[in-house]
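Please consult the sequence and the model while reading.

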Amino acid sequence: MKKRKTEHLNLAFQSRTDVSEIDNRFIYEPMFSGHPKNNIPETVLAGKKQRVPIWVSSMTGGTDYAGHINRNLARACGEFGMGMGLGSCRVLLEEGKYLSHFDLRKYLGNDVPFFANLGISQIEKAIKNNTVDDIAAMVEKIRADGLIIHINPIQEWLQPEGDAIEVPPIETVQAFIEKSGIPVIVKEVGQGMGYESLKALLKLPLVAVEFGAFGGTNFAQIELERSTPERKKLYEPLAYIGNDAYKMLDYANSIMLSENDLKCENLIVSGGLKNYLDGYYFLQKSKFKTVYGHASAFLEYAREEYELLRDFVESQIKGLQIAYAYLKLNKEY
């Protein structure tokens, strides 16, 4: 006790906080709970239960390093009950390579949702060439519960090797659902979506819409970094177009209140969320069944040995437990 009291005295002056630093999104109510253990509600997505409402957002695949990352992430999802979306499976679809980087069900177990991933341009080509069955076979091969379709017109346009998108993505998504019967999640890749795009998607029978909002990893910016200095200078303004997760959730909640023909009930809020408090805020504010996603936050730890990732995930879950126990949403924010 003497050591603790001495540390408190020594640290008191350097641990002061200013009123301007308060996180005003929440009202702190310390009187109504002991320290929590199992107070996080389960979430059902694609008929599978997540013990915690955290989603590993699509990241990578197709290199040895990516395989290591994916296996670590899958182990964490299996251990803690999180859902997982793969990075683009295009290399697996077109060449059949790197199966072990995507065939992760043995690490995940059968209880949590697990989704493959392809870009809208690959879906458009499959419909045009009558090869949708190849995608269904790929999804089945890796024992995924469905397919994420990422919508990325600005990224494709900026990418030196990018594919032309000839058909409006909403038409391609709708046609794919009808032709394939595969459960589908639709997401953006770092710039988010506006009101009308969200409304159109929420009227389709999707498993979920994932935001991929502005504020996190931005694949348009990644493509500019891969380009020439001249091209980057000319087109960089496009990388700053988008919608953040706060605005997108406001849009989605407004759509929920104003439309009576929605067929999609689930959101994955992702893009710029830094920690469990950001996640808790969106979980409480959403009028949909919701989980929240991280990509780069997980990637930082998944690159190393599994224990580092495990400790990080455990800390996020414990922080979320504290939030559920003691924090209420401030309705003014």
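How do the residues of the lining of the largest pocket divide into nonpolar, polar and charged? They comprise 11 nonpolar, 27 polar and 9 charged residues. In this scheme Ala, Val, Leu, Ile, Met, Phe, Trp, Tyr, Cys and Pro count as nonpolar, Asp, Glu, Lys and Arg as charged, and the others, Gly among them, as polar.

## Basis of the report

The model is predicted: local features need pLDDT of at least 70 and side-chain atom pairs count only at pLDDT 80 or more, while totals for chains, interfaces and linings use all residues. Residues are numbered from 1 along each chain as its sequence is written, and side-chain values use heavy atoms, with hydrogens and water left out.

## The largest pocket

The largest pocket holds about 1,100 Å³ of space. Its lining consists of 47 residues, of which Ser58, Met59, Gln155, Val189 and Phe219 are the closest to its centre. A pocket is an open set of points on a 1 Å grid over the protein atoms alone, where a 1.4 Å probe fits, with protein on both sides within 12 Å along at least five of seven lines; lining residues have an atom within 4 Å of a point. The volume is the space filled by probe spheres set on the points.

Several elements each supply at least two lining residues, among them helix H3 (90–95), strand E6 (114–119), helix H8 (153–158) and strand E11 (289–294). Helices (H or I, at least four residues) and strands (E, at least two) are DSSP runs, numbered from the N terminus.

## The barrel

In the order E4-E5-E6-E7-E8-E9-E10-E11, 8 strands close into a barrel with parallel pairing; two strands pair if DSSP finds at least two bridges between them. Neighbouring strands of this sheet are turned by 25 degrees against each other on average, direction ignored, with axes taken as lines fitted to C-alpha atoms.

Strand E4 (residues 54–56) pairs with E11 over 3 bridges, and Ile54 has Tyr292 as its bridge partner there. Strand E7 is joined to E6 by 5 bridges and to E8 by 5 bridges. All 6 of the 6 residues of E7 (residues 146–151) are buried (under 20% relative accessible area), so this strand is largely enclosed by the rest of the structure.

## Cysteines

The model has 0 disulfides, a disulfide being a pair of cysteine sulfur atoms within 2.5 Å. For Cys77, the nearest cysteine sulfur is that of Cys89, 14 Å away. Cys77 is buried, with a relative accessible area of 0%; Cys264 is buried at 2%.

Key: Axes fitted to C-alpha atoms, helices over the stretch in contact; angles between N-to-C directions. Buried < 20%, exposed > 50% of the residue type's maximum accessible area, 1.4 Å probe, protein only.
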